[in-house]
Amino acid sequence: MLSCSTVAFDGYDVAVAIKEIGKIGFDGIELGFIEGYVGNFSDGLFGDESARTVEAVLRSTGLSCSAVSGHIDLACDDAIERAALRLRFAAQVGSPRLITNAAVRSNGEAFFRNMESIIREAERSKVIVCLENPGNGIENVIDDGLSAVGVLKRIGHPLVRMNYDFANTASHAPASSTAHFQTEQDFRHILPWLEQLHLKDVRRTPGGDFEYPALGEGCIDFRTVFLTLAESAARPNLSLEIPVRLRRHPDGSPYRLPGPVAIEKIIGILGRSFDYVQSLFAETR
C-alpha cells in the first residue's frame with residue numbers, strides 16, 4: 001500500500017487533506033496528529049468525535065487509514081494513558097498502526113517499564129506500535145536503525161515494530177552529514193522488524209536549516225532503498241510524509257512557517273512525489 005500523511009496539509013481541515021490525497025491516487029492516508037508538526041494540537045484530536053469525523057470522510061472517499069502518527073515520549077509519567085488513548089483511536093478509525101517515538105535516552109528504563117502496559121493496550125486494540133527514529137537532535141532510545149535492533153530484540157513482541165524515517169537521520173545528527181551517515185544502508189539493520197517506511201526527502205537551505213521537498217528533489221537515494229526492498233523479504237507499508245510547512249534549525253529543533261502553504265503548492269509536491277515513487281516501482285519490481 002502507498003499512503004500519504006495528512007501533515008502536508010498543516011493548516012487545513014483534515015477532511016480537505018483526505019480528499020486531496022485521494023484525488024492524487026494514493027491507496028490510503030496516514031493521519032498526522034503530531035505536536036509541533038501541526039497547529040491547534042491537543043489530545044482531543046484522539047477523541048470519539050474526531051474518530052467519527054475521520055471515519056465518515058474515509059467512507060466518502062473509499063480510502064483506508066494505514067497509520068496514525070501520534071508521537072509522545074513513552075517514558076513520561078502519563079505516557080501509558082496517552083498511548084492508550086491513541087491506540088484506541090487508531091482502532092476506531094481502522095488503522096493497524098500507531099507511530100510514535102520511543103523516549104529520550106536518559107529515561108530508557110522508564111520506557112521499557114511503560115512498554116509492558118502499552119503492549120497490553122496494543123493487544124486489546126489489535127494495533128501495532130511502530131517506534132520511529134526522531135529528527136530533533138535529542139539523544140533517544142532509538143536514534144537510527146542500528147540502535148533500534150537491540151531495543152526491538154529486548155521488547156520481543158510482534159506488536160512492537162519499526163517505522164523508519166530516512167530524512168530524520170539527517171537532522172537528528174546534523175554534525176554527521178549524509179556523506180558520513182548513509183541512511184540508505186542504516187535501514188537495512190531493521191528489515192526484520194520493519195513495519196512501515198516514512199518516505200520523506202530532505203535538503204539544506206542556504207542558511208543551513210532542513211526543509212522537505214518532493215521525493216527525488218533532496219539528498220535521499222530512494223532508488224537504493226527500493227532496490228534493497230525488492231531484494232529483501234520485508235514488505236513494509238510505504239507512507240509519504242512530507243511536512244511542507246515544517247523546517248528544522250541546524251540543531252534539529254523544529255519550527256513551522258508562519259502561515260499555511262498554498263494548497264496548490266502542496267498538491268504539486270505530493271503529485272511529483274507520487275509520480276516519482278511510481279517510477280521507482282516500475283524500475284525495481
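User: What do the buried residues of H4 pack against?
Analyst: This is a predicted model. In it, the buried residues of H4 pack against helix H3 (79-92), strand E5 (128-132), helix H5 (145-155) and strand E6 (160-165).

User: Which residues of H4 are buried?
Analyst: Among them are Phe111, Phe112, Asn114, Met115, Ile118 and Glu121.

User: Where is the kink in H4 centred?
Analyst: On methionine 115, with a bend of about 30 degrees. The end C-alpha atoms of H4 (residues 108-125) are 25 Å apart, which agrees with the 26 Å that 18 residues should span at 1.5 Å a residue.

User: And what follows H4?
Analyst: Lysine 126, which has a positive phi, near 60 degrees.

User: Switching to rings. How many aromatic pairs are there?
Analyst: The count is ten. One of them joins phenylalanine 46 and phenylalanine 89, edge-to-face, at 5.5 Å centre to centre and 90 degrees between the planes. That pair links distant parts of the chain: phenylalanine 46 is in the loop between strand E2 (28-32) and H2, phenylalanine 89 is in helix H3, and they are 43 residues apart. Both phenylalanine 46 and phenylalanine 89 are buried.

User: What else is phenylalanine 89 in contact with?
Analyst: Serine 50, for one, which also contacts Phe33, Gly44 and Leu45. Serine 50 is in helix H2 (residues 48-61) and counts as buried because its relative accessibility is 17%, under the 20% cut-off.

User: Which charged end sits over the ring of phenylalanine 112?
Analyst: That of arginine 154, 3.7 Å from the ring centre. Elsewhere, lysine 200 lies over the face of tyrosine 212, 5.2 Å from the ring centre.

Key:
Residues numbered from 1 in each chain as written. Predicted model: local features only at pLDDT ≥ 70, side-chain atom pairs only at ≥ 80, totals over all residues. Heavy atoms only, no water. Helix = DSSP H or I, 4+ residues; strand = E, 2+ residues; numbered from the N terminus. Expected span 1.5 Å × (residues − 1). Bend = angle between axes of the 7 residues up to and from the residue. Buried < 20%, exposed > 50% of the residue type's maximum accessible area, 1.4 Å probe, protein only. Contact = heavy atoms within 4.5 Å. Phe/Tyr/Trp six-rings, centres within 6.5 Å; stacked < 30°, edge-to-face > 60°. Lys NZ or Arg CZ within 6 Å of the ring centre and 35° of its normal. Lists of a residue's contacts leave out its neighbours within four places in sequence.
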